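Please open the structure in your viewer and keep the selection panel at hand. The stops below say what to select next and what is to be found there.

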Amino acid sequence: MNFLKEARNLPAALPVMTQAHILGRFLTGVFPQIVSAVPADLGRTLDFGCGHGLLLNLLKRNAKIDEGLGIDIDSEKIELAQRWAIAGVEFRNESLADVSGPFDTIISADVMYLLPLGKWSAVLARFYDLLRPGGRLIIKTVLKKNNWKHLWGCLQEQIAVRALRITEQQGSEFTYLTASEWREILERHGFQIDQFREILFSPYNHALFICRRPS
Ligand SMILES: C[S@@+](CC[C@H](N)C(=O)[O-])C[C@H]1O[C@@H](n2cnc3c(N)ncnc32)[C@H](O)[C@@H]1O
């Protein structure tokens with residue numbers, strides 16, 4: 001993926017603050033690395049907690065998905081996402097319960113840690129049910145680690161959710177897990193982990209899990 005070319009494709013028609021938010025995500029959220037790391041045959045893809053729709057637009061433009069549906073609890077973000085959705089990509093203010101599968105892939109970037117641990121089982125079970133057998137679950141997250149990057153990531157999310165209110169959260173509990181806790185919970189919910197990678201050279205503990213619902 002050509003970083004500079006994609007940066008030029010960011011949405012000039014959206015309000016300046018939204019453009020700045022999307023550019024911030026693009027620069028700090030390791031999107032080019034995610035797009036490069038995922039396979040090219042993601043098919044029909046659901047993005048859970050799609051925000052302004054950056055990831056699905058990038059995946060579609062880089063021919064990684066056939067069609068995409070992004071959902072988010074934040075109706076304002078969805079309205080903005082709809083304004084720069086490219087052909088084959090759709091955004092809806094819907095919950096997981098409203099969505100109809102099957103999907104070839106479910107992807108979610110920096111959302112699960114916003115949910116209380118008590119809700120994870122229902123969400124992971126719903127992901128499993130919405131995927132076709134053999135379908136992929138791709139999770140981009142930040143890991144809990146005993147380092148300054150973890151403290152910095154937690155602080156930034158607290159500011160985004162509580163002070164700036166640019167990120168919606170249901171409830172008030174964050175859930176950061178270590179890599180081994182992630183592995184355990186994904187496998188307990190039936191997923192096979194095909195790939196795990198940490199994305200280094202960044203001020204966050206970025207990590208990517210590419211999993212599969214067994215056939
Ligand atoms: C840090 S942002 C990431 C947005 C996008 N995935 C990205 O990478 O740019 C987290 C997003 O998750 C959404 N979110 C939080 N809880 C959610 C839930 N229960 N269901 C759907 N979306 C949720 C928020 O509204 C927000 O847009």
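The tour begins with the strands, then turns to a helix, the ligand and a loop residue.

What you have loaded is a predicted model, in which local features need pLDDT of at least 70 and side-chain atom pairs count only at pLDDT 80 or more, while totals for chains, interfaces and linings use all residues. Residues are numbered from 1 along each chain as its sequence is written.

Select residues 44-48, strand β1, together with residues 67-71, strand β2, and you will see a parallel pairing over five bridges; helices (H or I, at least four residues) and strands (E, at least two) are DSSP runs numbered from the N terminus, and two strands pair if DSSP finds at least two bridges between them. Within this pairing, Arg44 has Glu67 of β2 as its bridge partner.

Next, select strand β3, residues 89-92, which pairs with β2 in the parallel sense over four bridges. From β2 the chain crosses through helix α5, residues 75-83, to β3, and this β-α-β crossover is right-handed as well. Two positions mark the pairing: Gly68 stands opposite Val89 in β3, and Ile71 has Arg92 as its bridge partner there. In a regular strand the side chains alternate between the two faces of the sheet. Coloured by face, β3 shows Val89 and Phe91 on the covered one, with Glu90 and Arg92 on the uncovered one.

Move on to helix α7, residues 148-163, whose 16 residues should span 22 Å at 1.5 Å a residue, and whose end C-alpha atoms are 21 Å apart, which agrees; the expected span is 1.5 Å times one less than the number of residues. Just after α7, look at Arg165, which takes a positive phi of about 55°.

Now select the ligand. It is surrounded by 20 residues, the closest being Gly49, Gly51, Asp74, Ala109 and Glu168, where a residue is near if its C-beta atom, placed from the backbone, lies within 6 Å.

Finish at Leu177, in the loop between α7 and α8 (179-188). Leu177 counts as buried because it has 20 C-beta neighbours inside 10 Å, the class requiring 20 or more. Leaving aside residues up to four places away in sequence, Leu177 touches Lys144 and Trp182, contact being C-beta atoms, placed from the backbone, within 7 Å.

Conventions
Right-handed = clockwise from strand over helix to strand, strands pointing away. Buried ≥ 20, exposed ≤ 12 C-beta atoms within 10 Å, placed from the backbone. Contact = placed C-beta atoms within 7 Å.
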